Amino acid sequence: MGSSNHWAAAGAVAVLAATLCAGAAFAQLAPEEVTTVPAITAKNRIYVLDIAINHIADGKLHVVDADKLAYLGVIGSGFAGQIIQSPDGKELIVATGYLSRGQRGERTDIVEVWDADTLAFKHEIPIPDKRAMALNYEGLVRFSADGRWLFVQNATPAISVQLIDVPAQKVTGEIPTPGCW
């Protein structure tokens, strides 16, 4: 056996031994227990929307206890999602979109409704694929004063606003708003 074959065989044995030792160390880890976290009781919350420019299809809404500065949880906000809290504070509304292939493909726009205390998904409302995919501007998603209607800004590049009946969970109309949004 030549010298180079000897060193190659010795290297292969060393890699195999290291792999076996590493496997033995992993085998000693205790299995993780899955539990349910209680509802969020923090009265003062900070909602931080991370549009994630470097991976814009994977935005997040981070929830923080404003008094203790403790991290409470996260909700996915999809592709350039816009967030608003319902007038009663019980729900978080995410107007967002998804592309079937991540960064490309068929576009689907929706309004997602999340429970503000448990961060649990409640339901979604399909909307026309016209939603303005923009940075976090305050006026892009708004509730009517009574909380019944949700207004979502469109830009296709034609400008309009989608009118969503929140209790009925459906789009009921579109209001053209020519000009700059």
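**View 1. His 62 and Val 74 face each other across two strands of this predicted model.** Start with His 62, which stands opposite Val 74 in strand 3.

**View 2. Three strands make an open sheet in the order 1-2-3.** Step back from the pair above and you can follow the antiparallel pairing through the sheet. Which strands are at the edges? They are strand 1 (45-50) and strand 3 (70-78), and each of them pairs on one side only. From one strand to the next, the twist averages 20°. As a reminder, strands of a sheet pair through backbone hydrogen bonds, in either a parallel or an antiparallel way.

**View 3. Four strands make another open sheet, in the order 4-5-6-7.** Here too the pairing is antiparallel. Strand 4 (82-85) and strand 7 stand at the edges with a single partner strand each, so one side of each has no neighbour in the sheet. Neighbouring strands are turned against each other by 25° on average, ignoring direction.

**View 4. Asp 109 stands opposite Ile 127 in strand 7.** Look for strand 6, residues 107-115, beside strand 7. Six bridges pair these two strands in the antiparallel sense.

View 5. Where does Leu 135 lie? You will find Leu 135 in the loop between strand 7 (121-127) and strand 8 (141-143). Its relative accessible area is 40%, so Leu 135 counts as partly exposed.

Methods
Residues are numbered from 1 along each chain as its sequence is written. This is a predicted model: local features need pLDDT of at least 70, side-chain atom pairs count only at pLDDT 80 or more; totals for chains, interfaces and linings use all residues. Side-chain values use heavy atoms; hydrogens and water are left out. Two strands pair if DSSP finds at least two bridges between them. Axes are lines fitted to C-alpha atoms, for helices over the stretch in contact, and angles run from 0 to 180 degrees between N-to-C directions. Buried means under 20% relative accessible area, exposed over 50%, partly exposed in between (1.4 Å probe, protein chains only).
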